[in-house]
Amino acid sequence: MNPEHAPLIQMKNIEKHFGRVIALAGVSVDVFPGECHCLLGDNGAGKSTFIKTMSGVHKPTNGEILFEGKQMHFADPRDAISAGIATVHQHLAMIPLMSVSRNFFMGNEPVKKIGPMKFFDHDYANKVTMEEMRKMGINLRGPDQAVGTLSGGERQTVAIARAVHFGAKVLILDEPTSALGVRQTANVLATIDKVRKQGVAVVFITHNVRHALAVGDRFTVLNRGQTLGTSQRGQITPDELQDMMAGGQELVALEGSLGGTV
Amino acid sequence: MTSITKKLVLAAAVVAAPFAMATSAVAEGEKYVLVSHAPDSDSWWNTIKNGIALAGDQMGVEVEYRNPPTGDLADMARIIEQAAASGPNGIITTLSDYDVLSGPIRAAVDSGVDVIIMNSGTPDQAREVGALMYVGQPEYDAGYAAGLRAKGDGVGSFLCVNHYISSPSSTERCKGFADGLGVDLGDQMIDSGQDPAEIKNRVLAYLNANPATDAVLTLGPTSADPTLLALDENGMAGDIYFGTFDLGEEIVKGIKAGVINWGIDQQPFLQAYLPVVVLTNYHRYGVLPGNNINSGPGFVTADGLEKVEEFAGEYR
Amino acid sequence: MTSATQPTANSDERVKEISNFRNALIRPELGGIVGTIAVFTFFLLFAFDSGMFNSQGIMNWSQISAQFMIIAVGACLLMIAGEFDLSVGSMIGFAGMLIAIFSVTLGWPVWMAIIVTFVIAVSIGALNGFIVVRTGLPSFIVTLAFLFILRGFAIYLPQTIERKTIIGGVGDAAQGDWLAAVFGGKIFTGFFQWMGDNGIIAVFERGTRKGQPVVEGLPMLIVWAIALVIVGHIILTKTRFGNWIFAAGGDAEAARNSGVPVDKVKILMFMFTAFCATVFATCQVMEFGGAGSDRGVLKEFEAIIAVVIGGALLTGGYGSVIGAGLGALIFGVVQQGLFFAGVESSLFRVFLGVILLGAVILNTYIRRIITGER
């Protein structure tokens, strides 16, 4: 997108071995600010391992991670978070029984001091939550509405808005659309678009080519722990992407029998 | 019977329609509350319940039995406070721990409720808390008497199966027995718990480890019944010297069969029945016996078991 | 862009506006408030002139309720944090026994005995929590183990040291001790004397205390209960730590992902539960002047029952300290009130079962409303 910009995060020749299993065999990906970089691949291709490495959950066996040009060694996810790499997980970091506002500020609660005591600043939290949600196009009944009453897409949006509010520079979205209906998916994709326009680098993991093409700027396909290359938007067709993901011929044959609907 | 009907009506009303009005629960005669320290699981106290019920019927007074469900004496103290707050004419209570119970009992006495101590405690303690009298069997003395008797029968060592180890009076019995024998209690007392299977197995284990034990002393049906089974199982029944406190159906059978040499009957019926009679007469006519009443110990042996057998577990 | 992404007045027309009534329903304290009103109405109707509402009667069920409250506050916060502690009852027996052994057998000053006991008890709470967090075992099992371990020590220690299972004499040792008074003392005695003098409450008719009011003052037990409820409520709802408690119990994984120190929160809650149990034990030992091996049997369940009646979910993440306090009040009032109402005391359990069942059904209904499950 912005070639004159330096990449925000560079993953160079990342290898990750679990005992004798080689989950990643030298994967290189870089992500620029304001770009939506889609990471595609079938189940077991190494997507999850890769983003866990990026977000500090796993340490790479080999290879290096450069963040804003500096080499990083994340000891744990908190390091990555404080550097500005936020992950919105498949298992959302949302607690259904708690209110949106409590969820939004979970782990980052604003406090106000009354005498020697520090209290949760509910007024501030409620105000910010309502505002941020409105920006993302979600009208809450109130800040104390429980997250459990939100739809799946809305929950994803709350999670994304929260990550951005707390200064995420790189936002990793792990299969955010996999369990959603059509309209919910559209909501989430629209949210991704908004976030990207704020200059945040988005890493969007999916195995749905159409979702990727809807918002992606660049596409990297992983297969069996290796990259099959990165392509720019407009330089690749949906069919080509699909084939790369499946690792080649088998799907072509399968697709013929299914009438091109996969 | 009216009081039972009333309770049933009230209970039904309570369950079915919490807000419906029911007949008012004003007592006709005097009201007496008996508070025991026994947990729900202790079946021996059934005799006590029957005793006060019978006395209540005969004297035309309202009686109530209360106990801490788990045998927690601190809970029992609260029950005494509560009984006092409900304004009965008298409270009949055990005094199984002086430290815990003396405060509430004294407060009840001072607020105008007459108290009789039954079963546990000592005559001295009863006087100390301001009770009218003590009805029961001094535990240490009973144990001591039993010990002397066993010594005469040639016993030199024993196992005390204590199923209620947290009550000091239980330990007093074992200690009295040991002193009567003239031996040190030492490790001869086991904490058996209340579960029949556990009691049985602990007795088996002890006798297995100490085969030279001369005698077994149990402290009531709760420990005696499983001990009978244990002795049946390891073949010591009838061979080992077996004495027990208190009576019950199985104990009576054991005495009859010659497995149990004697049972110490503290006659719990009297402990429940007499205080109600004494209190009622005191409140109606102002008469009061001049001394404490020892309801036991009486040794029950194979001779003259008939009445005991007929009413075992009910009034005996 | 779909229409749903544009700000509209109603983001989803299928979500009905929630009425005020339903809004009130999702407050966790609601069950407790309704239950309290129902229970008091009931006993005012059936047991008004039975002595239940004279000064002694009120003090009686207040103390019972206060006892439940003290352990319910700890159990409530722990349950909201997603864990159970079944060792509460044994901890009561164990801690009480430690105080008695330290102060009577070893002859330490009572304040020192109390402080050392608190340190030991809270450390055991931390150990409980540490094992649960480290092994990932259900707290149910870990604390069940401690139920036996602590009860075992509560019987073994006095048996070995004093050859008995009840140690008395703490009352004499505690005479004039400053810390003992914090747990076993009474406050506002002047006010109660004044009420007695003016015939507002009854006075003793005879004995050495003739003329003194039957209720001397407000026991510290009740002060502790109220203070713990207030502090617990503020921590839970008004602090960031409270948010972490909800988060840890709502979904530990999600909370961890958001940077909540879940393990620390859980361990601290186990320590707090142990602290509450020790407060209970200390108040009891100071009031009755002695400790017994069988103190506190089954109290862990009574605490959990009070918490559940008070609207907390057994699965964690939802609940209220005020609710737990009201649950304890209901529990205490029902337990004592049935006697005043003249109901056979063995029926108490039937009631408890009915109330518990009703509370759990109500809670499940509430959770469905909150989470929108069908």
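A residue is termed buried if 20 or more other C-beta atoms lie within 10 Å of its own, exposed if 12 or fewer do, and partly exposed in between, with C-beta atoms placed from the backbone. By this criterion, 48% of the 262 residues of chain A count as buried. The structure is a predicted model, in which local features need pLDDT of at least 70 and side-chain atom pairs count only at pLDDT 80 or more, while totals for chains, interfaces and linings use all residues. Residues are numbered from 1 along each chain as its sequence is written, and chains are lettered from A, and ligands numbered from 1, in the order in which they are written.

Chain A contains nine helices and twelve strands; helices (H or I, at least four residues) and strands (E, at least two) are DSSP runs numbered from the N terminus. The radius of gyration of chain A is 19 Å, close to the 18 Å given by the globule rule for 262 residues, so chain A is as compact as a globular protein of that length. The radius is taken over C-alpha atoms, and the rule is 2.2 Å times the number of residues to the power 0.38. The C-alpha trace of chain A spans about 70 × 45 × 40 Å along its principal axes. Two residues are in contact if their C-beta atoms, placed from the backbone, lie within 7 Å. Among contacts in chain A between residues at least 6 apart in sequence, 69% join residues at least 24 apart.

Chain C has 16 helices and four strands. Its radius of gyration is 23 Å, close to the 21 Å that the globule rule gives for 374 residues, so chain C is as compact as a globular protein of that length. The C-alpha trace of chain C extends about 85 × 50 × 35 Å along its principal axes, and 56% of the 374 residues count as buried. Of the contacts in chain C between residues at least 6 apart in sequence, 78% join residues at least 24 apart.

Two pairs of chains touch, and the most contacts are between chains B and C. In that interface, 46 residues of chain C are in contact with 36 residues of chain B. On the chain C side, the elements giving two or more residues are α2 (30–46), α3 (55–80), α13 (262–288) and α15 (321–340). The residues of this side divide into 18 nonpolar, 21 polar and seven charged. Here Ala, Val, Leu, Ile, Met, Phe, Trp, Tyr, Cys and Pro count as nonpolar, Asp, Glu, Lys and Arg as charged, and the others, Gly among them, as polar. No contact joins chain A and chain B, and their closest C-alpha atoms lie 33 Å apart.

For chain B, an unreviewed UniProt entry lists residues 35–282 as "domain: Periplasmic binding protein"; UniProt positions follow the numbering used here, feature names are shortened, and annotations may be inferred rather than shown by experiment. This span is 51% helix and 17% strand, and its end C-alpha atoms lie 20 Å apart. The domain assignment of chain B gives domain 1 (30–137 + 268–295) and domain 2 (139–265), with bounds that come from an automatic or database domain assignment. The C-alpha centres of the two domains of chain B lie 28 Å apart. Their contact takes nine residues from domain 1 and eleven residues from domain 2 of chain B. The domain 1 side of this contact comprises one nonpolar, six polar and two charged residues.

Within chain B, the buried residues of helix α10 (residues 249–257) are Glu250(B), Ile251(B), Val252(B), Gly254(B) and Ile255(B). These buried residues pack against α9, β9, β10 (262–265), β12 (298–300) and α12 (306–311) of chain B. Helix α10(B) is followed by Gly258(B), whose phi is positive, near 85°. Ala237(B) lies in the loop between α9 (221–234) and β9 (241–245) of chain B. Ala237(B) is partly exposed, with 19 other C-beta atoms within 10 Å. Leaving aside neighbours within four places in sequence, Ala237(B) is in contact with Leu231(B), Asp232(B) and Val259(B). Ala237(B) and Gly254(B) are 17 residues apart in sequence and 9.4 Å apart in space, C-alpha to C-alpha.

A nonpolar core is a set of buried Ala, Val, Leu, Ile, Met, Phe, Trp, Tyr and Cys residues joined through C-beta atoms within 7 Å. Of the 286 residues in the largest such core, Leu171(A) and Ala72(C) touch the most other members. Helix α13(C) gives the most to this core, with 19 residues.
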